[in-house]
Amino acid sequence: QNHCLTNEQATPCSTKSERLARNSTSNKVTDIHAVFCDVGGVLNHTDWDGLDEHLAAVSDKDVDEVKAIENEYRLHHLDTGDISVEEFVKRFKDQASLRLSVAEYKAVLHEYVHWHHDVIDELRGVHIPAYTLSNNSALFITSSRRAWLSDVFDKQFYSHEIGARKPNRGIYDHALSNVEENPENAVFIDDKKDNLETATDLGLQTHHYTGQDDVIAFLETIRG
């Protein structure tokens, strides 16, 4: 039975996802000539609960208030490129009375980001074109991190540079228009059902990430 992850708990997929079943991990794998891959949730995971508890301890807000403030500015402004990292931290500091500088906030954040090196190594070995397609920002995708990922990915597509977040169609259209790939012969890997549905609508094959072992096994089937 297919499962969809919500807050790291596996629950049965709803009937709304029947379209995704047509592009399941076992379909058309011999026709895959390129892979698009999410970053946060697939190539790494962030311990948001731990981070928010840490931030609450150095602010005047409780954990839920910190989470709400952080999500408002990160998801709706930082990830779309509307504001810079510095402006994001400034607004966060002002709203939550956060007692951290920009540099200190970045240092704390990266303590809670854990990279899936086995997945990245497997992607390095697929020997077909690979691209990131991620809701992200310069807070996570630093110049050094981008350089490191360029060893694995032919091109990198991030929401803060494009001005649109998944599942908005604009970010997919931008990526597809900047690569020479037939969507029907490409697979998109993501941990969120809504993001996969848009990809399916655009003709991409999809793989729902449910864990590192799962995606590594899938990548082994599409080696070029």
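I take contact to mean heavy atoms within 4.5 Å, and my helices (H or I, at least four residues) and strands (E, at least two) are DSSP runs numbered from the N terminus.

Before I start: this is a predicted model, where local features need pLDDT of at least 70, side-chain atom pairs count only at pLDDT 80 or more, and totals for chains, interfaces and linings use all residues. Residues are numbered from 1 along each chain as its sequence is written, and side-chain values use heavy atoms, with hydrogens and water left out.

**Entry: helix H9**

I looked up H9 (residues 169-177) and found Ile171, Tyr172, Ala175 and Leu176 buried (under 20% relative accessible area; exposed is over 50%, partly exposed in between; 1.4 Å probe, protein chains only). Down the axis of H9, these buried residues fall within an arc of 130° (taken from the directions from the helix axis to the C-beta atoms), so they line one face of the helix. Arg169 and Ser177 are exposed on the face turned away from that side. What do the buried residues of H9 pack against? I listed E3, E6, E7, helix H8 (159-162), strand E8 (186-190) and helix H10 (193-201).

**Entry: strand E6**

I then checked pairing, which needs at least two DSSP bridges between two strands. E3 (residues 34-37) runs parallel to E6 over three bridges, with Val35 partnering Ala130. E7 (residues 155-158) is also parallel to E6, over four bridges, and there Phe157 stands opposite Leu133.
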